[in-house]
Amino acid sequence: MRERLNRSWICLLEVLVQLTRRLFLWRREKTAPPASSSPSPPTPAMVCARQGRLRQRYEGCYRLVSGCVPYMLEEDVGEKSCQQDVLGRLQVLMISTPKRSDLIFPKGGWEDDESIDEAACREAFEEAGVKGIISATPLGEWVFKSKSKQNSCGLQGACKGFMFGLQVTELLEIWPEQVTHGRRWVPLEEAYGLCRYDWMREALDKLKEQLLFESNEFRPLPSPELVDSSSLYMVIPAAAEGAVALC
């Protein structure tokens, strides 16, 4: 009789152990996150645009500015002369600013921890969301006044800007200043009519010259790596090389 009771208790304990184990497994399945059929795509890291002028470079009274004319050549679809072919296929990327219908090229302050071409590439990334191959030779150098100082006299707000050609190789879907800067690809001849300032049209002329004599003058360098915008400026044409037009 006692042996039979012991066996009954053992069976009962085995049943309780099995029930406890099943309850544990059931609760773990309920609390586990749902399985995904494919891993979630990684969220792209957004690099913030640089702000302020703590690292700004100056040359005498001039604030130094660097920028670029982003461009691409469309695929060749016809038989034209070399010159007509290059200029006909040339498209430039221009950016917009709030409350204005005209367009500009990306540019901004040249800072003391970067080279002049690195500054141009950074501004192209921050304001236009592009990367590419920058020309070794600048398109030119222009002297003008910042937008906030356009009505001031003397050298206050004077800037010296350097522009480069940038052959676009990568067009980003997200970029730091896309809220304030839209972008638009336009044919070369149309770009002349959209330029806000005269110096921009001069830069387009220089870009055409570089591309037409590419074999002699246009030596591309890799775009510097971007690790991290800047104010826009009202152009005041220089009276002479190295001089600033006064009010």
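**Reading the packing**

A: Start with one residue and its neighbours. Contact means heavy atoms within 4.5 Å. Leaving out residues up to four places away in sequence, Val-92 touches Val-69, Pro-70, Tyr-71, Phe-105, Arg-184, Trp-185, Val-186, Ala-191, Leu-204 and Leu-207. A word on the source: this is a predicted model, where local features need pLDDT of at least 70, side-chain atom pairs count only at pLDDT 80 or more, and totals for chains, interfaces and linings use all residues. Residues are numbered from 1 along each chain as its sequence is written, and side-chain values use heavy atoms, with hydrogens and water left out.

Q: Which residues touch the most other members of the largest nonpolar core?

A: A nonpolar core is a set of buried Ala, Val, Leu, Ile, Met, Phe, Trp, Tyr and Cys residues joined through side-chain atoms within 4.5 Å. Buried means under 20% relative accessible area, exposed over 50%, partly exposed in between (1.4 Å probe, protein chains only). Here the largest core has 45 residues, and Val-69, Val-92, Met-94, Phe-105, Met-200, Leu-204 and Leu-207 touch the most other members. Two or more residues come from each of β2, β3, α3, β5, β6 (140-146), β7, α4 (188-194) and α5 (198-212). Those labels are DSSP runs, numbered from the N terminus: helices are H or I with at least four residues, strands are E with at least two.

Q: How many residues of α3 are buried?

A: Twelve of the 13 residues in α3 are buried. Among them are Ile-116, Cys-121, Arg-122 and Phe-125. The buried residues of α3 pack against β2 (62-73), β3 (90-95), β4 (107-109), β5 (130-135), β7 (158-171) and β8 (183-187).

Q: What span does helix α3 reach from its first C-alpha to its last?

A: The expected span is 1.5 Å times one less than the number of residues. Helix α3 covers residues 116-128 and reaches 18 Å, close to the 18 Å expected. Just after α3, Gly-129 takes a positive phi of about 70 degrees.

Q: Which way do β2 and β7 run, parallel or antiparallel?

A: Two strands pair if DSSP finds at least two bridges between them. β2 and β7 run parallel, joined by nine bridges. Val-69 has Gly-165 of β7 as its bridge partner. β5 pairs with β7 in the antiparallel sense, over five bridges. There, Ile-134 stands opposite Leu-166. β7 is mostly covered, with ten of its 14 residues buried.

Q: How many aromatic pairs does the whole structure hold?

A: Rings of Phe, Tyr and Trp (its six-membered ring) pair if their centres lie within 6.5 Å; planes under 30 degrees apart count as stacked, over 60 as edge-to-face and the rest as tilted. The search finds three pairs. Trp-110 and Phe-162 are edge-to-face, 6.5 Å centre to centre with 85 degrees between the planes. Trp-110 lies in the loop between β4 and α3 and Phe-162 in strand β7, so the pair ties together parts 52 residues apart in sequence. The ring centres of Tyr-197 and Trp-199 are 6.5 Å apart with planes at 20 degrees, so this pair is stacked. Trp-142, Tyr-197 and Trp-199 form one aromatic cluster.
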